[in-house]
Amino acid sequence: MKASYKGTWWLLATAFLLLFAVSAADGRISLFGYEPKASDMYTRLLGSRQEQPASGPETDVVPAEPREEKRPEPDSLPKTILLFGDSMLEGLSPRLAAYCKASGHSLYTVIWYSSTSERWGSTDRLRHYIDKLNPDYIFVSLGANELFVSNIIDKRTRYVKKILSDIDTIPYVWIGPPNWKEDTGVNRMISDNAAPGCFFLSDGMHFNRKKDGAHPTASSASLWMDSVVRWMPEHCAHPILLRVPTEPTARPQRVFIHQPNE
């Protein structure tokens, strides 16, 4: 009885090994004209031991999720802020002063009437105020008096570079001029030389103008400054905390004024 069981087990074992070998051959052998294909028995038993194929054009690869660039958080520390430029500061300065007052910053404004990048860039006046006030942050508003200078990029680029050299490593935002007509290249000149995230393009915005047709009204200039502040958190290279003020305007700590012929 036991011998008959042994014979049966040997027969089953032999049949199993034969079936396993045929399954592994996957069509590489022929039995009486029939080419058996691999069954999942072989892959279940040994498939996990096989070397995995390298990624290739026919391999399904899940692409990595693109990493989102993390924007810097606005700096909330109190700042000494310098705002310098041309007569456009008459409208921008009171509104910026209100933001500074609400946020714990100190604002100093330097207005040089009828000034241009050439005037600022051919003197050491900016360097003088930087040394005098030691600002942590700078706002610039220049270019309105240069909208129609011919060949401006050839004529004035070196002065823009001088201004930026004077600013050096101090974080800054250069507020572009409020165009009332198409310029000859002043915005491109500033944008091409300013560091990424440091130039605010005002061209294309709507402004209500004073009788001269150039300067925004006081209320429109306040909205202009509001636009700069809203732009900063998402686009500025060095955003700072500027809380929305409850007062529409305020006075800077001090305003320095220079006439055109100085």
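Start by selecting E118 and R156, whose side chains meet in a salt bridge with N and O 3.2 Å apart. The term salt bridge here stands for a side-chain nitrogen of Lys or Arg within 4 Å of a carboxyl oxygen of Asp or Glu. The pair links distant parts of the chain, since E118 sits in helix α4 (residues 117–121) and R156 in helix α6 (residues 152–167), 38 residues apart. Helices (H or I, at least four residues) and strands (E, at least two) are DSSP runs, numbered from the N terminus.

This is a predicted model, in which local features need pLDDT of at least 70 and side-chain atom pairs count only at pLDDT 80 or more, while totals for chains, interfaces and linings use all residues. Residues are numbered from 1 along each chain as its sequence is written, and side-chain values use heavy atoms, with hydrogens and water left out.

Colour the first pair by accessibility. E118 is partly exposed at 29% relative accessibility, whereas R156 is buried at 13%. Buried means under 20% relative accessible area, exposed over 50%, and partly exposed in between (1.4 Å probe, protein chains only).

D166 is buried at 7% relative accessibility, and K162 is partly exposed at 25%.

Next, go to K101 and E247, another salt bridge, with closest N and O atoms 3.5 Å apart. K101 belongs to helix α3 (residues 89–103) and E247 to the loop between α8 (218–235) and β6 (254–258), so the pair ties together parts that are 146 residues apart in sequence. K101 is exposed, with a relative accessible area of 56%, and E247 is partly exposed at 37%. A search of the whole structure finds eight salt bridges.

Now move to the strands. Select V140 in strand β3 (residues 137–141); V140 is buried, with a relative accessible area of 0%. Which residues does V140 touch, leaving aside its neighbours within four places in sequence? They are F84, I167, V173, W174 and I175, where contact means heavy atoms within 4.5 Å. The C-alpha atoms of V140 and W174 are 4.6 Å apart, although 34 residues separate them in sequence.

Show strand β4 (residues 172–175) with its side chains. Y172 and W174 on one side and V173 and I175 on the other are all buried, and both faces of the strand are covered. β3 and β4 pair in the parallel sense over four bridges; strands pair if DSSP finds at least two bridges between them. I175 is the bridge partner of S141. On to strand β5 (residues 199–200), which pairs with β4 in the parallel sense over two bridges. There, F199 stands opposite W174.

β3, α6 and β4 make a right-handed β-α-β unit, and β4, helix α7 (residues 186–193) and β5 make a right-handed β-α-β unit. Right-handed means that, with the strands pointing away from the viewer, the path from the first strand over the helix to the second runs clockwise.

Finally, zoom out to the whole chain. There are eight helices and six strands, in the order α-α-β-α-β-α-α-β-α-β-α-β-α-β from the N terminus. Of the 262 residues, 41% count as buried.
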